[in-house]
Amino acid sequence: MFVDEVVVSLKAGRGGNGCVSLRRERFRPRGGPDGGDGGDGGDIVLQCDENMSDLEAFQFKSTWQAGNGQPGKGSDKSGRSGGDCVLKVPAGTVITNEEIGHVAAELTRPGQRIRLLKGGKGGWGNIHFKSSVNRTPIQFKPGAEGEEGKFRFVLKTIADVGLVGFPNAGKSTLIGLLTHAHPKTAPYPFTTRNPNVGVIEFPETFDSLRMADIPGLLEGAHRNRGLGHQFLRHIERCRLLLIVIDMAAEDGRRPADDYHQLIKELELYDPDFLTKPRLVAANKMDEADAKENLVEFGSEVAEPVLAISCLTEEGIPRLLATLYESVKQTA
């Protein structure tokens, strides 16, 4: 199960109460107060973990709480502080406060830590209330409540290149060819049901690019039609979009119509998508009518078109070089 959105209730720990204690020692009948302070409550801490790929850990456990602080003790002993609750999330997680709709945190780098909610402060023991007119105070300060709230966690995949296309355009085959990812491929639509992320390695430059593939889009995807609509957020952070078009046109659709429909769906979902750099991969050039379709397609599309075949690997070296140069230009 791939989970990229959850709602959780979080509560930081409560501070421990201060202690009321009066010293009773032999030969010191007027020992005075010695009540210690309560311990602080634990914090809710978010940590970006590179080993996590989704939010499944929060799917069946929606309530998390940090440890409470322990009360103070006599002999001026402070209570133990409550343990922090550290929640590990994948890179690209956005945390929004459900009550006010405000983005509270965003984790993008592995190892990044953010304190989301602060634990309550421990209360004072009666030793703090001693004065010249109050030698044996019995006052104390209770521990403060920790912060709490309901939050929505949304995962937005971080990648350099985002693959966009209709079902069965060859996106999964392409990412499997260029990276070490192993997505399911089959000669029917919607074999990709979850986003896939792979790494393209360039040994000659000791560099790499991350490529993300989302389920194929359909007309009306921006209105929640098909599978791809719920995963469009995963290409929001991609630096470059690679539009994959099926040049074989086996189902009778014109490749140019496919391209314009994809661009329209991206714009209707989020107009900012159109500001991203784009390349077009004309796939399945090994098919019979592909070359003829490519001529017509190229006359109607303004973006650079790279003719490729995932079956014969025609044009793949050029595609890799173009992707590398294009992404580096966006840095």
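Visitor: How many nonpolar, polar and charged residues are in the lining of the largest cavity?
Guide: The lining of the largest cavity has 3 nonpolar, 1 polar and 3 charged residues. Ala, Val, Leu, Ile, Met, Phe, Trp, Tyr, Cys and Pro count as nonpolar, Asp, Glu, Lys and Arg as charged, and the others, Gly among them, as polar. This is a predicted model, where local features need pLDDT of at least 70 and side-chain atom pairs pLDDT 80 or more, while totals for chains, interfaces and linings use all residues. Residues are numbered from 1 along each chain as its sequence is written, and side-chain values use heavy atoms, without hydrogens and water.

Visitor: Which residues line the largest cavity?
Guide: Its lining is made of Arg254, Pro255, Ala256, Asn293, Glu296, Phe297 and Glu300. A cavity is a set of points on a 1 Å grid over the protein atoms alone where a 1.4 Å probe fits but cannot get out, and lining residues have an atom within 4 Å of a point.

Visitor: And which elements give two or more residues to that lining?
Guide: Those are α2 and α3. The most comes from α3, with 3 residues. Helices (H or I, at least four residues) and strands (E, at least two) are DSSP runs, numbered from the N terminus.

Visitor: What volume does the largest cavity have?
Guide: About 30 Å³, taken as the space filled by probe spheres set on the points, which are joined across faces, edges and corners.

Visitor: New topic: what is the strand order in the sheet of 6 strands?
Guide: The order is β10-β11-β9-β12-β13-β14, in an open sheet with mixed pairing. The edge strands, β10 (196-202) and β14 (305-307), each pair on one side only. Two strands pair if DSSP finds at least two bridges between them.

Visitor: Do β9 and β12 run parallel or antiparallel?
Guide: Parallel, with 4 bridges joining β9 (residues 161-164) to β12 (residues 240-246). Glycine 162 stands opposite leucine 241 in β12.

Visitor: Which strands does helix α2 touch?
Guide: Helix α2 (residues 255-269) packs on the sheet and touches β9, β12 and β13 (278-283). Contact means heavy atoms within 4.5 Å.

Visitor: At what angle do the axes of α1 and α4 cross?
Guide: Roughly 80°, and the axes of α1 (residues 171-178) and α4 (residues 316-330) come within 12 Å. Axes are lines fitted to C-alpha atoms, for helices over the stretch in contact, with angles from 0 to 180 degrees between N-to-C directions. That makes α1 roughly perpendicular to α4 (65 to 115 degrees).

Visitor: Which residues make the contact?
Guide: Leu174, Leu177 and Leu178 of α1 meet Ile316, Leu319, Leu320 and Leu323 of α4. By class, the contact has 7 nonpolar, no polar and no charged residues.

Note on methods: On a 1 Å grid over the protein atoms alone, a cavity is a set of points where a 1.4 Å probe fits but cannot get out, and a pocket is an open set with protein on both sides within 12 Å along at least five of seven lines; lining residues have an atom within 4 Å of a point. Angles under 35 degrees count as roughly parallel, over 145 as roughly antiparallel, 65 to 115 as roughly perpendicular and the rest as oblique.
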